[in-house]
Amino acid sequence: MNLDLKNEIKKFFKGDVENSEETRDKYSRDASIFLIRPEVVVFPKDSEDLKQLVKWVAANKEKYPPLALTPRSAGTCMSGGAIGESIVVDFTRYMNKIEKIEQVTPYAITPKYVGSKEVLISGVAVVEPGCYYRDFEPGAIEKGLLLPCYTASKNLNALGGMVGNNSAGEKTLNYGNMEDYVKELQAIFADGREYTVKPLTKKELYAKIAQGDFEGEIYKNILKLINDNKEYINKAKPQVSKNSAGYYLWNVLANELNENPEHSEGSEKIFDLTKLIVGSQGTLCIVTKMTIHLVSTKPVSKLVVIFMKDITRLGELVDTILLHHPESLESYDDETMKLAIKFFPDFLKKKGPVGMINFMFSFLPEILKMKMFGIPKLTLLVEFAGQSEQEISEKVKRLVSDLKSFPYKIRVTNSKAESEKYWDIRRESFALLRKHVKDKHTAPFIEDIIVRPEFLPEFLPKLQMILKNYPITVTIAGHAGNGNFHIIPLMDFSSSVTPEIILEISDLVFSLVFEYKGSMAAEHNDGIIRSPFLLQMFGDKIYNLFVETKKIFDPQNILNPGKKVGATKDYLKEHIIKEAHDLSHKV
Ligand SMILES: Cc1cc2nc3c(=O)[nH]c(=O)nc-3n(C[C@H](O)[C@H](O)[C@H](O)COP(=O)(O)OP(=O)(O)OC[C@H]3O[C@@H](n4cnc5c(N)ncnc54)[C@H](O)[C@@H]3O)c2cc1C
């Protein structure tokens with residue numbers, strides 16, 4: 001591109017603008033399998049910087065068509081959502097402030113429905129997108145509050161990316177994902193102006209539409225798009241407990257809407273555009289501030305560990321466990337356990353000198369058991385949490401009694417330290433793999449599939465049949481309670497056939513997932529890796545509505561192009577990392 005991007009941007013930008021080889025290398029990777037070098041990386045000081053930047057890109061797009069903006073928070077995206085060819089906008093350097101974290105007064109504690117479950121909203125926080133979750137959590141916990149959709153990458157990721165990807169985690173079974181915790185967003189739209197996006201009453205919605213400006217047109221056109229295609233949109237909602245694929249058109253309009261603006265009374269919030277922005281991976285607008293709901297922490301917890309020597313009765317077991325309403329239901333397989341044993345010194349290092357000894361001793365009974373009975377095919381972690389020891393112990397007792405008909409060994413942990421070792425294996429397995437494997441590389445592409453738990457006994461053997469045909473080692477860990485499994489193969493990226501194999505396995509596995517009405521992306525979103533499959537997942541009609549949605553928000557295609565819509569399998573193949581050297585630039 002014949003344009004001195006750095007110097008042009010510097011003319012109006014207060015923050016940093018960098019295009020050294022080192023910076024471009026660093027930002028050419030996220031936690032996905034892609035490498036895409038940006039032209040320049042910018043670090044905005046505030047939303048004023050961003051407004052100018054968006055306006056400048058919009059004004060120059062026609063003359064310089066490759067110009068575009070890719071928002072990026074901590075860059076841990078596994079689908080390639082946080083990398084782009086033109087301008088990458090990093091929020092973590094300056095736009096990382098916590099404005100407030102506070103409990104709501106007891107009378108203002110409100111119930112919220114996440115699926116059919118009632119969750120009590122006890123707190124609220126206002127944060128900028130570049131705030132790392134690890135910097136946010138201590139302040140919240142100090143006030144007895146928690147953002148319960150935190151991820152397994154909570155020590156690495158930032159809150160902006162959680163909104164961008166509609167993230168979820170081990171507590172999602174009971175509390176839902178990020179879309180359930182967004183109260184209000186500040187966002188810069190493609191016209192370079194900053195807007196507040198929040199749920200609206202009918203009257204407020206028609207007032208927006210009456211503005212007749214860029215913002216008003218978005219509300220008008222999205223409302224029309226949803227109204228004209230209601231039937232299809234409602235049917236398109238994936239029938240699983242969490243989904244991050246596509247644009248969530250089915251969540252925007254709460255009720256039937258009487259089209260006559262005259263009948264616009266009532267305080268009920270009926271139209272919520274935040275539902276479309278969450279999980280849109282920066283393709284519709286750039287989020288500059290988030291107001292989020294928080295829940296109260298629960299002081300007591302206990303873990304029941306179930307060691308399954310085979311998985312034939314997994315579906316039945318999960319169904320039985322879910323009847324007891326655990327706080328979380330997680331799992332990891334034998335390959336993950338083998339890795340944990342192999343990289344045991346890494347776990348020890350994290351514990352510090354005293355913790356190290358306790359941790360080592362806590363594992364001895366496990367190692368003896370594995371020597372006697374072999375490594376369990378799947379380990380399930382069932383956590384109960386609550387206000388008192390008695391409440392939790394009773395729940396645990398009832399579950400253990402119900403599980404007597406299953407032929408699996410069960411362990412109820414006695415202390416937090418004992419529980420931690422199982423959580424460490426579950427949470428750290430992927431990070432360990434990424435760090436350690438030398439000649440091969442973790443390849444997240446079918447890592448986020450989800451089907452309803454009742455299909456697991458039929459689905460999992462079929463999945464294993466597919467994977468068996470390829471010379472790849474896979475680890476499986478995940479959110480068994482949601483039927484969401486993270487399947488991470490190890491692959492050799494110096495081999496020229498790897499991109500073909502990735503596409504072939506994706507085709508087969510996603511087709512199987514769609515057969516069971518599942519989603520290819522429960523929480524890691526579409527990015528470069530899954531966007532080309534959105535047409536197959538949702539069909540022509542809904543995919544075209546996604547294309548229209550993108551056009552309504554971003555008519556010039558300046559916001560994170562190539563994600564969600566307009567993605568191709570060729571682009572995917574061409575940008576997969578190829579050399580051992582490429583593997584070194586990773587978050
Ligand atoms: C070891 C490991 C474990 C993981 N475990 C989980 C897990 O348990 N659950 C889970 O959900 N994910 C998981 N992930 C994926 C990832 O960490 C999460 O999706 C995380 O929330 C992304 O946050 P981030 O700050 O790194 O976002 P980024 O990678 O920076 O961005 C993610 C997406 O959001 C968009 N975005 C970022 N900031 C903005 C903004 N200000 N405005 C608009 N769009 C924006 C980006 O364009 C991108 O498309 C894991 C990743 C790793 C490496």
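Is K289 buried, exposed or partly exposed? K289 is partly exposed, with a relative accessible area of 26%, where buried means under 20% relative accessible area, exposed over 50% and partly exposed in between, using a 1.4 Å probe and protein chains only. This is a predicted model, in which local features need pLDDT of at least 70 and side-chain atom pairs count only at pLDDT 80 or more, while totals for chains, interfaces and linings use all residues. Residues are numbered from 1 along each chain as its sequence is written, and side-chain values use heavy atoms, with hydrogens and water left out.

**Salt bridges**

- The structure holds 33 salt bridges, each being a side-chain nitrogen of Lys or Arg within 4 Å of a carboxyl oxygen of Asp or Glu.
- K289 forms one of them with E99, the closest N and O atoms being 2.6 Å apart; this pair links distant parts of the chain, with E99 in strand β5 (residues 98-103) and K289 in strand β14 (residues 286-296), 190 residues apart.
- E99 itself counts as exposed, at 53% relative accessibility.
- Helices (H or I, at least four residues) and strands (E, at least two) are DSSP runs, numbered from the N terminus, and within helix α3 lie both E48 and K51, three residues apart, whose side chains meet in a salt bridge of 3.1 Å, N to O.
- In that pair E48 is partly exposed at 39%, whereas K51 counts as buried at 17%.

**An open sheet and its helix**

- Four strands form an open sheet of mixed pairing in the order β1-β2-β4-β3, two strands being paired if DSSP finds at least two bridges between them.
- The edge strands are β1 (16-18) and β3, each of which pairs on one side only.
- Four bridges join β3 to β4 (residues 87-90), and these two strands run parallel, with T70 standing opposite V88 in β4.
- Helix α3 packs on the sheet, touching β2 (40-43), β3 and β4, and its direction makes about 170° with that of β4; axes are lines fitted to C-alpha atoms, for helices over the stretch in contact, and angles run from 0 to 180 degrees between N-to-C directions.

**A buried lysine**

- K61, found in the loop between α3 (47-60) and β3 (69-72), is buried yet has no salt bridge, and the nearest side chain of opposite charge, D554, is 7.8 Å away; here Lys and Arg count as positive and Asp and Glu as negative, while His and the chain ends are not counted.
- Leaving aside neighbours within four places in sequence, K61 is in contact (heavy atoms within 4.5 Å) with P66, L67, Q556, N557 and I558.
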